[in-house]
Amino acid sequence: MGHVALVVGASSNLGYQVLKKLTEVYHGKIYFTTEDETGFNILKNLERDGLDLNYIQMDVTYTKSIIKLRHFIQDLDERIDLIINVTDYVPEKKISHVELVRRTLSVNFYGYINFGKLVYPLLTDNARVINVSGPAGLLATIENEAIRKRISDPSLTEDELVAVMQDYEHAVKRGSEKTEGWGLSVQAVSKVSLNAVTFLQHREWADKGIVINCVNPGNLSSKESRKSAKMFEEGAKAILYLAFEAPLSLKGNFVWSNYSVIEWNSDPYVEVTTV
């Protein structure tokens, strides 16, 4: 059975650079997804002789869309040995704060949970999964210590984690997320929850030898047009390091852009240096 890799969310500048680099170093079949039809242009740009590159349109906020991808791969009797999930919600203008929170969590939290449930059963033993987070994913970006303890409880179940995030959504609807200690950054809460999902998935799949980590690729803001392609190429390096070079013993961790493992509760305002 041949090697199969899957890049989820290749339409962003970072996702594109990750996919482009993967096509240069990966020896096997590569699938990639975008939530809209930009994937056809990406396929056209990267296709070349001898490259087995395949596009599947998928939106992680729609369960049927994820199931369609799973069935496509399953029906070919294929198994996946590498998943790089670069999916991230890009804020839209002129929506309410409550709606912004709902849409962000539907991608960065619930989307990652549903994708894992439906697609991880196709992973080979010793497969690698990299969930792309960011500097805001440090636990300490949430001010309230009691909330941090709930989210970082090593015995936390998926239902309990969902309940924590529902509490956040209720606080947002009341307009009390700041006074309750969540802070006002939707992005920070969503990235912390993404990391929590990653650690939960690690605990669930580790006994099959599957290596699951989350990574901060660098401070790449959503204002992508202001960044150069070079910056996103740099951001892709830590992701590809986890995909190919990191020891198999490195699992269930939050890895920084300089390849060092970071304590989840590090101070988000202190510059991290290589360990």
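1. Contact here means heavy atoms within 4.5 Å. Helices (H or I, at least four residues) and strands (E, at least two) are DSSP runs, numbered from the N terminus. The model is predicted: local features need pLDDT of at least 70, side-chain atom pairs count only at pLDDT 80 or more, and totals for chains, interfaces and linings use all residues. Residues are numbered from 1 along each chain as its sequence is written, and side-chain values use heavy atoms, with hydrogens and water left out.

2. Start with helix H6, residues 145-152. Its buried residues pack against helix H7 (158-174) and helix H8 (186-205). Ile147, Arg148 and Ile151 are buried in H6. Buried means under 20% relative accessible area, exposed over 50%, and partly exposed in between (1.4 Å probe, protein chains only). Why do these residues lie on the same side of H6? They cover an arc of only 100° around the axis, so they share one side. The arc is that of the directions from the helix axis to the C-beta atoms.

3. The N-terminal end of H6 is capped by Asn144. A side-chain oxygen of Asn144 lies 2.8 Å from the backbone nitrogen of Ala146. A polar contact is a pair of N or O atoms within 3.5 Å; within protein, one must be able to donate a hydrogen and the other to accept it, and residues adjacent in sequence count only if both atoms are side-chain atoms.

4. Now the sheet. Eight strands make up an open sheet, with mixed pairing, in the order S3-S2-S1-S4-S5-S6-S7-S8. Strand S3 (53-57) and strand S8 (261-262) are at the edges, and each has a single partner strand, so one side of each lacks a neighbour in the sheet. Two strands pair if DSSP finds at least two bridges between them.

5. Strand S1 covers residues 4-8, and five of its five residues are buried. Val4, Leu6 and Val8 are buried on one side, Ala5 and Val7 on the other. In a regular strand the side chains alternate between the two faces of the sheet. S1 runs parallel to strand S2 (residues 29-34), joined by five bridges. Leu6 has Tyr31 of S2 as its bridge partner.

6. Lys29 deserves a look. Lys29 lies in strand S2. Is Lys29 buried or exposed? Lys29 is buried, at a relative accessible area of 17%. Its side chain makes a polar contact of 3.0 Å with the side chain of Tyr31. Leaving aside residues up to four places away in sequence, Lys29 touches His3, Val4, Ala5, Asp52, Asn54, Leu76 and Glu78.

7. Strand S5 (123-132) has seven of its 10 residues buried. S4 and S5 run parallel and are joined by five bridges. Leu82 stands opposite Arg128 in S5. Five bridges also join S5 to S6, again in parallel. The partner of Val132 in S6 is Val215.

8. At the other end of the strand order, strand S7 (residues 254-255) pairs with S8 in the antiparallel sense over two bridges. Val255 is opposite Val261 in S8. Helix H9 (residues 229-245) lies across S4, S5, S6 and S7, and runs at about 170° to S5. Axes are lines fitted to C-alpha atoms, for helices over the stretch in contact, and angles run from 0 to 180 degrees between N-to-C directions.

9. Which residues make the contact between H1 and H2? Tyr16, Leu19 and Lys20 of H1 meet Ile42, Asn45 and Leu46 of H2. The axes of helix H1 (residues 13-25) and helix H2 (residues 38-46) come within 11 Å and cross at roughly 35°.

10. Asp77 has a positive phi, near 60°. Asp77 sits in the loop between helix H3 (63-75) and S4, and counts as exposed at 58% relative accessibility. Tyr259 also has a positive phi, near 75°. Tyr259 lies in the loop between S7 and S8, and is partly exposed at 34%.

11. Last, His170. His170 is in helix H7 and is partly exposed, with a relative accessible area of 41%.
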